[in-house]
Amino acid sequence: MILVAGSRGMLGRELLGILDGSARGLARQDMDITDRESVQRVLLTLKPAVVVNAIAFTDVDGCESNRELAFRINGDGVRNLAESSARIGAKLVHISSDYVFDGIKGKPYLEEDPVNPLSVYGKSKLAGEENARINPDHLIIRTQWLYGLHGKNFVETMLRLAKERKELSVVDDQIGSPTWTVDLALAVKALIDRDCRGTYHAVNSGSCSWHDFAAAIFAEEGIGIQLSPMTSAKLDRPAPRPLFSVLDCGKMAKDTGMQLENWRDALRKYLKARKGDHGNR
Ligand SMILES: NC(=O)c1ccc[n+]([C@@H]2O[C@H](COP(=O)([O-])OP(=O)(O)OC[C@H]3O[C@@H](n4cnc5c(N)ncnc54)[C@H](OP(=O)(O)O)[C@@H]3O)[C@@H](O)[C@H]2O)c1
């Protein structure tokens, strides 16, 4: 059995759907990742073969002012899972982030490239990676710029702002790969099915700036808002972000035969899916 920890989160809910009958979800009330005894008790009772950790404190700016909590959830919590999963001989699949990199390489990052997180969130996610490795059977999957049906995300924010405003400025000096949670969940499944171990990158292919991403959302939806570029310095968010954090997914392609579709194709499918989803409510 595969246990999905964080099954009420944006990725967790997608994973539960895609892993289907083989998976069971755990929400915060079933297991608080920061409570070592609770983690131990749940894993010893359920004895899963695989534990997928989709839990995190994901408010990147909020982490700057809540450093202790960020490390408790994103760092120490992963140690709790790694120790308990190792004890029962289960594989630990841990989701990590492009924010472990500083973004100055100028080329897509390989799994073995040196890490150098800029923000508290990135540092706490790096601590999580280090702790995940306590379990020798670990699979760390770094991803970025997620959006999906089950959580707050950039696409929904843009669509909401387009209803409220006639003009919008979006940063154009951060480059990454927008990634649909459905495609990421399929990648997680493929990596588990092949019993892959170690660190992998998994994102939709191609890359763009947040400004390009916003422009694509508005173009796909036929929204005529006036969109202009702005710099990260002007936006002045509490957490510094890497400027170029595109992730090279060649290792996943080599080991699973899987390459995720282009981000623009994925966006088109998501926009269609959300209409169906909203229509069903
Ligand atoms: N979103 C992105 O753009 C992005 C980019 C790169 C990497 N990632 C990584 O991808 C993974 C999934 O992200 P996501 O966007 O799906 O996150 P999300 O929607 O914020 O979900 C995170 C989940 O973690 C749960 N959680 C938080 N603290 C907990 C605790 N102490 N014990 C148990 N559960 C707790 C939350 O529970 P509640 O619902 O009860 O609060 C929530 O369901 C994370 O590892 C994240 O770092 C995300």
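Is Trp210 buried or exposed? In this predicted model, Trp210 is buried, with a relative accessible area of 14%. The close-up views below present its surroundings and two further sites.

**View A. Packing of helix H6 against helix H8.** Helix H6 (residues 154-164) and helix H8 (residues 210-221) pack with their axes 10 Å apart, at an angle of about 60°. The crossing of H6 with H8 is right-handed. On the H6 side, Phe154, Val155, Met158, Leu159 and Ala162 take part, and they meet Trp210, Phe213, Ala214, Ile217, Phe218 and Glu221 of H8. The residues of this contact comprise 10 nonpolar, no polar and 1 charged.

**View B. The aromatic pair of Phe154 and Trp210.** Phe154 is buried at a relative accessible area of 17%. The ring centres of Phe154 and Trp210 are 4.7 Å apart and the planes lie at 45°, so the pair is tilted. Because Phe154 belongs to helix H6 and Trp210 to helix H8, the pair ties together parts that are 56 residues apart in sequence. Both residues belong to one aromatic cluster, formed by Trp145, Tyr147, Phe154, Trp210, Phe213, Trp263 and Tyr270.

**View C. The aromatic pair of Tyr99 and Tyr121.** The whole structure holds 9 aromatic pairs. One of them, Tyr99 with Tyr121, is edge-to-face, with 6.0 Å centre to centre and 90° between the planes. Tyr99 lies in the loop between strand E4 (91-97) and helix H5 (120-132) and Tyr121 in helix H5, so this pair ties together parts 22 residues apart in sequence.

View D. Cys208 is buried, at 3% relative accessibility.

Conventions. Residues are numbered from 1 along each chain as its sequence is written. This is a predicted model: local features need pLDDT of at least 70, side-chain atom pairs count only at pLDDT 80 or more; totals for chains, interfaces and linings use all residues. Side-chain values use heavy atoms; hydrogens and water are left out. Buried means under 20% relative accessible area, exposed over 50%, partly exposed in between (1.4 Å probe, protein chains only). Axes are lines fitted to C-alpha atoms, for helices over the stretch in contact, and angles run from 0 to 180 degrees between N-to-C directions. Helices (H or I, at least four residues) and strands (E, at least two) are DSSP runs, numbered from the N terminus. A crossing is left-handed if the near helix is turned anticlockwise from the far one by less than a right angle, and right-handed if clockwise. Contact means heavy atoms within 4.5 Å. Ala, Val, Leu, Ile, Met, Phe, Trp, Tyr, Cys and Pro count as nonpolar, Asp, Glu, Lys and Arg as charged, and the others, Gly among them, as polar. Rings of Phe, Tyr and Trp (its six-membered ring) pair if their centres lie within 6.5 Å; planes under 30 degrees apart count as stacked, over 60 as edge-to-face and the rest as tilted.
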